[in-house]
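Keep the sequence and the structure in view while reading.

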Amino acid sequence: MARGGNSIVKGIEIDEVIALLNRAYADEWLAYYQYYTESKVIKGIMKDAVVVELDQHAMDELRHAGLIANRIIQLGGTPLLDPREWFEQTHCGYDAPTNFDVVKILEDAIKGEQCAIGIYSQLSEVTQGKDVVTYDMVNQILADEVEHEEDLVALHEDITAFIQQIKDTMDL
Ligand SMILES: [Fe+2]
Ligand SMILES: [Fe+2]
């Protein structure tokens with residue numbers, strides 16, 4: 001535990017920061033697994049481009065989990081040790097893919113990113129001016145989640161436009 005480091009945390013209980021970070025840690029692992037598994041089962045038009053994006057996002061979520069675990073340990077806490085706790089602690093939940101179509105998978109993933117953006121915005125507000133190290137980390141992650149959402153929305157637009165073009169051509 002970085003005891004001197006903990007003295008910089010002011011106006012918020014360290015246990016509260018650890019608890020919030022552990023909830024985000026659960027979200028990151030579940031987001032990682034969701035992307036990982038979606039990238040395996042996905043089907044449909046332009047799926048290869050989407051697989052590249054899903055794999056990249058999976059690695060980013062895993063990296064976020066690592067950043068959060070390190071910060072929890074710095075604060076003197078312990079990251080969740082039992083995966084069963086992920087389901088108890090998660091904010092954003094886990095939507096097991098039931099429809100493997102590329103468009104549906106992208107829509108589920110966009111929903112997940114929007115939830116993550118909401119959570120990290122809250123964490124940013126809660127830690128602002130109180131725990132600068134956590135605040136900086138949370139904002140770095142938040143910027144990644146905003147980029148993730150944008151990447152997925154752009155792919156969704158391209159693919160749905162392409163599907164529409166094909167439908168229009170068939171109608172001729
Ligand atoms: Fe993430
Ligand atoms: Fe993300």
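Two helices count as roughly antiparallel when the angle between their N-to-C directions is over 145 degrees. The model described here is predicted.

**Helix pair α3 and α6**

- The axes of α3 and α6 cross at roughly 170° and come within 11 Å.
- Because this angle is over 145 degrees, α3 and α6 are roughly antiparallel to each other.
- On the α3 side, the residues that meet α6 are Ala-49, Val-50, Glu-53, His-57, Asp-60, His-64, Leu-67 and Arg-71.
- On the α6 side, the contact includes Val-133, Met-137, Ile-141, His-148 and Leu-155.
- Sorted by class, the contact of α3 with α6 has eight nonpolar, four polar and five charged residues.

**Helix pair α5 and α6**

- The axes of α5 and α6 are 8 Å apart, and the two helices pack at an angle of about 160°.
- This angle too is over 145 degrees, so α5 and α6 are roughly antiparallel to each other.
- The crossing of α5 and α6 is left-handed.
- The contact of α5 with α6 has 18 nonpolar, nine polar and four charged residues.

**The largest nonpolar core**

- The largest nonpolar core has 31 residues, and those touching the most other members are Leu-21, Ala-24, Tyr-25 and Leu-106.
- Two or more residues of this core come from each of α2 (14-41), α3 (47-74), α5 (102-127) and α6 (132-171).
- α2 gives the largest share, eleven residues.
- Leaving out residues up to four places away in sequence, Tyr-25 touches Ala-65, Ile-68, Ala-69, Ile-72, Pro-79 and Leu-80.

**Gly-77, in a loop**

- Gly-77 lies in the loop between α3 and α4 (84-89).
- Apart from neighbours within four places in sequence, Gly-77 is in contact with Ile-18 and Ile-72.
- Gly-77 and Ala-19 are 58 residues apart in sequence, but their C-alpha atoms are 8.7 Å apart in space.

**Met-46, in another loop**

- Met-46 is in the loop between α2 and α3.
- Most residues other than glycine have a negative phi.
- Met-46 is not a glycine, yet its phi is positive, at about 55°.
- With 14 other C-beta atoms within 10 Å, Met-46 is partly exposed.

Technical notes:
Residues numbered from 1 in each chain as written. Chains lettered and ligands numbered in written order. Predicted model: local features only at pLDDT ≥ 70, side-chain atom pairs only at ≥ 80, totals over all residues. Core = buried A, V, L, I, M, F, W, Y, C linked by C-beta atoms within 7 Å. Buried ≥ 20, exposed ≤ 12 C-beta atoms within 10 Å, placed from the backbone. Helix = DSSP H or I, 4+ residues; strand = E, 2+ residues; numbered from the N terminus. Contact = placed C-beta atoms within 7 Å. Axes fitted to C-alpha atoms, helices over the stretch in contact; angles between N-to-C directions. Parallel < 35°, antiparallel > 145°, perpendicular 65-115°, else oblique. Nonpolar A, V, L, I, M, F, W, Y, C, P; charged D, E, K, R; others polar. Left-handed = near helix turned anticlockwise from the far one by under 90°.
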